[in-house]
Amino acid sequence: MTSTAGSTAPTGVATRRPPERPGRVLRFTRAERWVHRGTGLLMLVCLATAACLYLGPLAQLVGRRHLLATVHEWSGILLPLPFLLGLASPAFRADLRRLNRFAPYDKRWLRAARRRLTSPDMRPAGKFNAGQKLYAGWLAGVVLVMTATGLLMWFTGLLPAVSRTSAIFVHDLLAWAIALVLIGHIRKAFQDPEARLGMRTGYVSLGWARRWHAHWLDEDRPAAKDTPER
């Protein structure tokens with residue numbers, strides 16, 4: 001059975017969803033929101049403890065270096081856990097397939113972003129836009145590298161061919177990159193109250209979905225596309 005372009009489920013397969021609210025569309029289930037919150041919390045703990053360990057003024061202010069190092073190590077090891085638990089959710093797995101698939105309209109979104117065009121007509125998107133897909137893929141990759149280099153720093157004999165200095169260099173460099181990208185992610189979230197509402201409650205307004213994620217309704221919720229707004 002084939003799939004439509006950009007869709008994530010075989011055509012004609014009915015999926016069970018919670019009931020829609022008038023004028024609103026379910027964007028994230030409770031499981032998806034908890035995966036996001038758990039990952040975000042662990043990531044912030046990792047960055048905060050890293051800052052207290054490596055930035056001199058913060059290290060002197062906070063102290064308790066051994067405790068901070070332990071919290072940093074365990075929050076890093078647990079970082080993939082929300083993702084792994086989320087795999088039990090069909091909605092989360094469906095979103096992973098969406099994030100892993102670039103549709104033809106994503107090229108238009110990237111071209112518009114490169115030219116700094118912000119109109120939703122110039123930036124067509126499905127449930128996730130092309131920028132969100134790139135962000136998710138990049139984050140998944142760096143979390144794996146950070147976990148691997150962190151373990152090499154913790155267990156120095158794990159891979160004798162890789163020096164501890166090399167692992168520290170990669171770990172520290174990526175930590176700065178993650179901090180910068182995460183600041184950009186939070187900044188984008190604060191610029192879009194409707195997106196934050198969707199992550200907080202699960203629901204977004206039908207008008208917002210039509211304006212910024214029109215292909216999502218086309219591909220996944222054709223009934224919602226024709227529903228009048230309230």
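Which residues are buried in helix α5? In this predicted model, helix α5 spans residues 90–99, and its buried residues are Phe-92, Ala-94, Asp-95 and Arg-98.

Next, let's visit the nonpolar residues. In soluble globular proteins, nonpolar side chains tend to be buried together. Here, the largest nonpolar core has ten residues: Leu-42, Met-43, Leu-79, Leu-139, Val-142, Val-143, Met-146, Leu-174, Ile-178 and Leu-182. Two or more of its residues come from each of α1, α7 and α8 (164–190), and α7 gives the largest share, with four residues. Pick out Met-146, a member of this core. Setting aside residues up to four places away in sequence, Met-146 touches His-171, Leu-174, Ala-175 and Ile-178. Apart from this core lies another one, of seven residues, including Val-25, Val-204, Ala-209 and Leu-217.

Our last stop is Asp-106, which you can find in helix α6 (residues 104–114). Is Asp-106 buried or exposed? Asp-106 has a relative accessible area of 0%, so it counts as buried. Now look for its partner: a polar contact of 2.7 Å joins the side chain of Asp-106 to that of Lys-133. Leaving out neighbours within four places in sequence, Asp-106 is in contact with Arg-101, Phe-128, Asn-129 and Ala-130, as well as Lys-133.

Key. Residues numbered from 1 in each chain as written. Predicted model: local features only at pLDDT ≥ 70, side-chain atom pairs only at ≥ 80, totals over all residues. Heavy atoms only, no water. Buried < 20%, exposed > 50% of the residue type's maximum accessible area, 1.4 Å probe, protein only. Core = buried A, V, L, I, M, F, W, Y, C linked by side-chain atoms within 4.5 Å. Contact = heavy atoms within 4.5 Å. Polar contact = N/O pair within 3.5 Å; in protein donor to acceptor, adjacent residues only side chain to side chain.
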